[in-house]
Amino acid sequence: MHPASDDPATRTALAALQVGALRWLGGGAIAVVLGVLLGVATVSMAGEEGRRVPGAGLVVLVLVLGGLAAVVVGAGALLRTNRWRRALATTTWRPGRLYVAGAAVLAFEPDGGDDVVHLRLLSTAIWRTRAVQALDGAAVIAAPVAPGQWVFTAEGAGTLYGARAATRGR
């Protein structure tokens, strides 16, 4: 058996996730830099001409805080993508069926009679949740990437979805 990372669709999906993470990281860094530059320009104008710029402080605050949040999101996504890439190089895909029991409540039933794995979708993005809900009863491939964490995809999905093993009784 070949590692899951040898699949061309998997490599493409990991590359797309990495590009998305770099967009968040780069966009956040640009927003922080613009916020700092706007702040410096505003202070300079106020010091030289004594003129206040209405709303500039609020715009600086939004740019810097929003940019920092985007940097954190991008860094987390980049770390997750790298972790998934390393894990998928050491495991194989397991074919099976995915069943959806709720907005983010899933069950992966591997082919071959293995035990059903109960999962919770990691993503909170509405479009990703709806895309996974559309896979109810569909054939998917899944692989464990860490203790209690799985990655799965379906033919033609073009992306990987992360899920955490659900604890029973919740």
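Helix α1 passes helix α2 in a left-handed crossing. In this predicted model, the two helices span residues 8-49 (α1) and residues 56-88 (α2). Helix α1 also contributes to the linings of two pockets, giving 6 residues to the largest pocket and 4 residues to the second largest pocket.

**Packing of α1 and α2**

- Two packed helices are described by the angle between their axes and the distance between the axes.
- The axes of α1 and α2 come within 7 Å and cross at roughly 160 degrees.
- Because angles over 145 degrees count as roughly antiparallel, α1 is roughly antiparallel to α2.
- The contact of α1 with α2 comprises 27 nonpolar, 10 polar and 1 charged residues.

**Largest pocket**

- Rolling a probe the size of a water molecule over the atoms shows where empty space is left.
- The largest pocket holds about 620 Å³ of space.
- Its lining consists of 22 residues, and those nearest the centre of the pocket are L17, A77, R80, S123 and R128.
- At least two lining residues come from each of α1, α2, α3 (126-133) and β6 (161-165).
- Of the elements that line the largest pocket, α1 gives the most, with 6 residues.
- By class, the lining of the largest pocket divides into 13 nonpolar, 7 polar and 2 charged residues.

**Second largest pocket**

- The second largest pocket contains about 220 Å³ of space.
- This pocket is lined by 15 residues, with A9, T153, A154, E155 and G156 the closest to its centre.
- Two or more residues of the lining of the second largest pocket are supplied by each of α1, β4 (138-146) and β5 (149-154).
- Helix α1 provides the largest share of the lining of the second largest pocket, 4 residues.
- The lining of the second largest pocket is made up of 7 nonpolar, 6 polar and 2 charged residues.

**Aromatic pairs**

- A search of the whole structure finds 2 aromatic pairs.
- In the pair formed by F108 and W150, the ring centres lie 5.9 Å apart and the planes stand at 50 degrees, so the pair is tilted.
- This pair links distant parts of the chain, as F108 and W150 are 42 residues apart.
- F108 belongs to strand β2 (residues 105-110), whereas W150 belongs to strand β5.
- Strand β5 is also one of the elements that give two or more residues to the lining of the second largest pocket.

How values were computed. Residues numbered from 1 in each chain as written. Predicted model: local features only at pLDDT ≥ 70, side-chain atom pairs only at ≥ 80, totals over all residues. Heavy atoms only, no water. Axes fitted to C-alpha atoms, helices over the stretch in contact; angles between N-to-C directions. Parallel < 35°, antiparallel > 145°, perpendicular 65-115°, else oblique. Left-handed = near helix turned anticlockwise from the far one by under 90°. Nonpolar A, V, L, I, M, F, W, Y, C, P; charged D, E, K, R; others polar. 1 Å grid on protein atoms, 1.4 Å probe; cavity = no way out; pocket = protein on both sides within 12 Å on 5 of 7 lines; lining within 4 Å. Points joined across faces, edges and corners; volume = space filled by probe spheres on them. Phe/Tyr/Trp six-rings, centres within 6.5 Å; stacked < 30°, edge-to-face > 60°.
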